[in-house]
Amino acid sequence: MKLIKPTKQYVESWSDLIKELEEAGGRGFWLIPEKSESIDEYLQTVREHEQGKNLPDFWVPATTYWLVDGDKIVGHCNIRHQLTEKLKQIGGHIGYHIRPSERRKGYGSNILELSLKKAKALGLDKVLVTCDDSNVASIKIIEKNGGLLKEKGVVDKKLVRRYWIDFA
Ligand SMILES: CC(C)(COP(=O)(O)OP(=O)(O)OC[C@H]1O[C@@H](n2cnc3c(N)ncnc32)[C@H](O)[C@@H]1OP(=O)(O)O)[C@@H](O)C(=O)NCCC(=O)NCCS
């Protein structure tokens with residue numbers, strides 16, 4: 001199992017993943033841009049966003065990785081290179097998502113662990129990770145990976161937990 005940058009090599013698993021997400025009620029996650037119809041467009045978007053090009057308003061440069069196990073994409077994550085005021089409230093440095101059919105197998109814990117290594121390699125010395133106060137799985141994942149709860153805050157009527165993970 002490893003984190004890789006999105007590549008056409010996994011096109012079959014990518015198509016399968018999109019189908020699964022759509023059947024589960026929509027792509028519904030910002031790491032797969034809604035308007036990206038083909039893998040080529042998707043790859044271009046993630047490459048540009050990593051370089052800070054063609055970012056939507058208020059977005060920051062971010063690197064997307066896929067968590068792959070064998071020839072299957074089991075999840076993906078997005079590592080933001082910096083924070084905005086909004087990301088300090090909700091979103092933080094790292095977002096992650098495990099495809100529905102692969103949940104509860106430990107991949108969520110793995111993806112954050114591997115993402116932290118990538119964030120450190122990017123030069124960040126600590127990262128903010130947020131999740132909904134009701135997201136039991138994510139709370140476990142963050143705390144297992146060294147997250148210290150700094151505060152809770154309400155964003156759009158939802159209670160959000162803000163954790164920091166310090167690499168020092
Ligand atoms: C949150 C998410 C990443 C969890 O992924 P996962 O692969 O199922 O996580 P894991 O298998 O590593 O499980 C982590 C822990 O949460 C528990 N867990 C997983 N899903 C759970 C659920 N629905 N309810 C309660 N506990 C759950 C697991 O049993 C495990 O507990 P343990 O550490 O005591 O063994 C996945 O559900 C997801 O992608 N959700 C949508 C996106 C999201 O919420 N992202 C996180 C915020 S950025």
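1. An oxygen atom of the ligand is 2.9 Å from a polar backbone atom of G108. The ligand also has an oxygen atom 2.8 Å from a backbone N or O atom of G106, and one 2.9 Å from a side-chain N or O atom of N135. Of the 930 Å² of accessible area that the ligand has on its own, the protein covers 71% (Shrake-Rupley method, 1.4 Å probe).

2. This is a predicted model, in which local features need pLDDT of at least 70 and side-chain atom pairs count only at pLDDT 80 or more, while totals for chains, interfaces and linings use all residues. Residues are numbered from 1 along each chain as its sequence is written, and side-chain values use heavy atoms, with hydrogens and water left out.

3. The shell around the ligand holds 16 residues, of which I98, R104, G106, S109 and K144 are the closest (a residue is near a molecule if one of its heavy atoms lies within 4 Å of it). Two or more shell residues come from each of β4 (94-98), α4 and α5 (136-144); α5 gives the largest share, five residues. Helices (H or I, at least four residues) and strands (E, at least two) are DSSP runs, numbered from the N terminus. By class, the shell has five nonpolar, six polar and five charged residues (Asp, Glu, Lys and Arg count as charged; Ala, Val, Leu, Ile, Met, Phe, Trp, Tyr, Cys and Pro as nonpolar; the others, Gly among them, as polar).

4. G123, with a positive phi near 105°, follows α4.

5. E102 sits in the loop between β4 and α4. It counts as buried because its relative accessibility is 7%. Its side chain makes a polar contact with the side chain of K105, at 2.8 Å (N or O atoms within 3.5 Å, one able to donate a hydrogen and the other to accept it).

6. The largest nonpolar core has 24 residues, and I94, Y96 and V127 have the most contacts inside it (buried Ala, Val, Leu, Ile, Met, Phe, Trp, Tyr and Cys joined through side-chain atoms within 4.5 Å). The largest share of this core, five residues, comes from α4. A second, separate core of 13 residues includes I4, W14, I18 and Y42.

Terms used: Buried < 20%, exposed > 50% of the residue type's maximum accessible area, 1.4 Å probe, protein only.
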